[in-house]
Structures are given as C-alpha cells and as structure tokens.
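This briefing covers a few local features in one protein model. Look over the sequence and the structure before reading on.

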Amino acid sequence: MFSLSPKPLSSYSSLRKTLNPDPKNPKAKPFIFHHNPSYITSTPKPSCQSEIQTERGLEFDTGDTFFRHESATGRDLGVLAAALYKKSQNSIRVLDAMCGCGIRSLRYLAEANADFVLANDANDEYGSIISSNLSKISRGFGGETRWLVTHSDAGRVMTECYLRRDYFDLVDVDSFGSDSDFLRSAIGAVKLGGLMYITNTDGYSAGGHRPHHALAAYGAYVRPMPFANELGLRMLIGGAVREASVLGYHVVPLFSYYSYHGPVFRVLLQVNRGKLPSSRHYSFIGYCIECGNSQEFSWTGLGQISCPCNTNVPNSLVVSGPLWTGPLHSATYVTEMQNLAEQWGWIGNGMGKDLEKLLNLMIDESDPRLPSGYIKLDEVASRAKVNSPPLTTFMSTIHKEGYAASRSHIASNAIKTNCPMVECIRIAKDLRH
C-alpha cells in the first residue's frame, strides 16, 4: 500500500523556475520562465455557509459549492488511476481544472499520494473552502509546495500550462454540460503517456435529441438509439480522438464510466504521440428500427449502408457518428485498478460491493469481440412476444451457442453481445417454451 504521509516536493509557484526539456519534444532546450502567479490567484473570500461531509474517511467542507455524493464512485476511479500512475512512474502531478470544493484534489493528495496538485476553480468565492479542505495536507516547506489553489477559467489555466511547457501527469476536468472547449487545452496540458479524465453531462445530445448540438460540440451527428447512454460515452471519446488527431496525438480509453445522476459520462484517456494507427475505431453506428439489429460502418462503407434484414420500411435505419467504436475499457488496466482497490480494502470481504461489481462489469465489457451498443431484454421480449427471460439464463444460452456476451454497467437489464437480434429473439422464444 502506498504511504499517505505528505512530502514536500517540487513547487508550482516558484518565482523563477528553470524548466526541464519539453517532455513532448525531447530535443527541446531548457529555458527560464519567470513565473508570477498573481494572474490566476486571488485572496480567498469567506464562505457564508459550512457543511461538513465525509468521504473515504476524509472530512471536508462543501460550503455553498456544488457537490454530489453520487459522484463519489467517479472520484474513486480517478484516485485509483492516479495511484497506479504514481506506482509506475514514481511521481504524479495533478491538475484539477474545475475542483469545486476541492474534494477530488484532497483525495488525490491523501489517497494517491500526489506529489503536487493544482486545484483550480473559476469561482474565487470558493477559495477559503478549497484552501481549508486542502490544509489537511501539509503544504510543504519553503519554496516547495504540494498544492496550490487558483481561480481562473479552466481553459486559460490549461493553455497557460501548455505555453509554459508545464505539463501534468493527470488532468481532471469535471465539466458541466457538453462544453467541449476544454478538450484541446486539456490535451495540450498533459504529458505524453499521461492521463486525461474528462466529463460530459449532456444527456439530451447523447440521446439524439440535439444532433446539431452534438455535431458542433463533438463532431458527431447523434440520432436516437436504444443504447443512448453508451453513445454518450462514445461521443465524448470520439470528440477527444478528433481533437488529439488535430494536435498530432492519439488517445486511448482506459475506462469509461456512466452514472445515472446528471447523467454523467466520465472517461479516462491516455495521451500518446502520433495519430491513430487506423480509423477502424472511429466510425459510424447504425440501428434498424424495424428488426432491432445494430452494426458498425466504416468510412469506406458509407455508400453501402444497409441492414441485413433488407427491410423496405422507409427511414428504418438510423445512423450516428463518427463515434468511438472500439472497447470502452482496457481489461488489463481495470484489473490493476481492481487489485489496488482490494489492497486498500475498498472491495472484498463484503466491502464495496457496488464498486467491485462495477469493476467486474467493466472487465467483462472489455471483450474486443463485443460490438458497440447493448440489447435490452425488454426489447427482445417485446419483439419475441414472450415474457422477458432471466438475464443469467439468457446470457448462458448465448455463450453456449458460441457468441460473446456480457452484462452492461450502463443498463442493469441489458447485455452487450455480438449475437444478432434475430438470434436473440429465437433464443428468447426457445427459453419460453
């Protein structure tokens, strides 16, 4: 288990800082940067409210900031990811671009033992709350510090970090709505090989109710489909893939997490040099309203889009994209998260059943044979005109017939499978009789 004792480490706010060669350009020469942090810091204003909360044993004050208990699982996942990075790289610097009351920053410091956290929130009235919460961790000694609180627009903070070549190992952007402006600045602020934890809470666009809005924000025209909440994750990843490609990088999802409250779509991406080796995971998803079949279409196949059912019903085939169509998670990475969670006592021995169930489902969903989307058993039963079969029995039968299948962490009564809808209907009928 990692030590949680604070250590004074390199400072973000030194008045005169010599930066190492650019991690994104090893041939770059070192340069001197005269840093004056006054443009993003301010005198903390006292909060008029105080509300003490506890999360994973850490006590903190939310004051009048926006805070949700339901987001604790997303914070758990971020802390596990940060701790794994620290373990592999021996150090981690975190930029919490929209920190709210500062609970994420506090947890990165206390649980992931982050070497430095820049906690930024545009609202300077939160300053006293954030500083008070982070003061539970020793700030450091002399010119060295473990954390710094700033108040500026998140995009500006990340862009300034990029311009200074002051890259972070983990950039956490817990944004609201479908504001995708931060994607490019977040990618610029991340070290190569580093992590970017991004958010979208626009359920209307994910549900296909605002396709032009989704197109403007993420470059994807999204239509209504039965697996809308998975489309929300794929839309977010696809937008990051597009922005990274513009900058000459590519991103790979390590895990994707949907939560009903909000709704909230959160994705952890790793940023690497070079564009995607192929566009096969950045393509289009189709759903046939008539037969219920879904499939993926490549860019080269756009002119031949059709459904195998050969229906003559007009407009029965709905297509969304381009979206991320690859795996939502890395099974190897999520397994490492699971092992660490067990080591910390977050799961196992009857503890943390919800988190343990989530990680297990993510591992199952990582099967590369599984296509985009999921099938709700209620839809299968409706098309088969039978009662909905038990989920475990239905999955077991699908496996016996040679298809891949897993439960979905997004919808409780749904499965991800490469079994066509027509076969699912047949299996449901067979189980009924």
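This is a predicted model: local features need pLDDT of at least 70, side-chain atom pairs count only at pLDDT 80 or more; totals for chains, interfaces and linings use all residues.

How many disulfides does the structure hold? It holds 0 disulfides.

**Cysteines**

- Cys-307 takes part in no disulfide, and its nearest cysteine sulfur, that of Cys-291, lies 3.4 Å away.

- An open sheet is formed by 3 strands in the order β13-β12-β14, with antiparallel pairing.
- Its edge strands are β13 (294-297) and β14 (317-324), each of which pairs on one side only.
- From one strand to the next, the twist averages 25°.
- Strands of a sheet pair through backbone hydrogen bonds, in either a parallel or an antiparallel way.
- Between β12 (residues 282-288) and β14, the antiparallel pairing extends over 6 bridges.
- Tyr-282 has Trp-324, in β14, as its bridge partner.

**Helix α8 and its position**

- Helix α8 spans residues 228-246 and contains Arg-242; Glu-243 is also found in α8.
- The helix α8 lies across β12 and β14, and it runs at about 45° to β14.

- Is Arg-242 buried or partly exposed? Arg-242 has a relative accessible area of 28%, so it is partly exposed.
- Leaving aside residues up to four places away in sequence, Arg-242 touches Leu-215, Ala-217, Tyr-218, Gly-219 and Tyr-282. One of these contacts, Tyr-282, is the residue whose bridge partner is Trp-324.
- Arg-242 and Leu-183 are 59 residues apart in sequence, and their C-alpha atoms are 9.7 Å apart in space.
- Glu-243 is buried because its relative accessible area is 12%, and buried means under 20%.
- Which residues does Glu-243 touch, not counting residues up to four places away in sequence? Glu-243 touches Leu-183, Arg-184 and Ile-187.

Note on methods. Residues are numbered from 1 along each chain as its sequence is written. Side-chain values use heavy atoms; hydrogens and water are left out. Helices (H or I, at least four residues) and strands (E, at least two) are DSSP runs, numbered from the N terminus. Buried means under 20% relative accessible area, exposed over 50%, partly exposed in between (1.4 Å probe, protein chains only). Contact means heavy atoms within 4.5 Å. A disulfide is a pair of cysteine sulfur atoms within 2.5 Å. Two strands pair if DSSP finds at least two bridges between them. Axes are lines fitted to C-alpha atoms, for helices over the stretch in contact, and angles run from 0 to 180 degrees between N-to-C directions.
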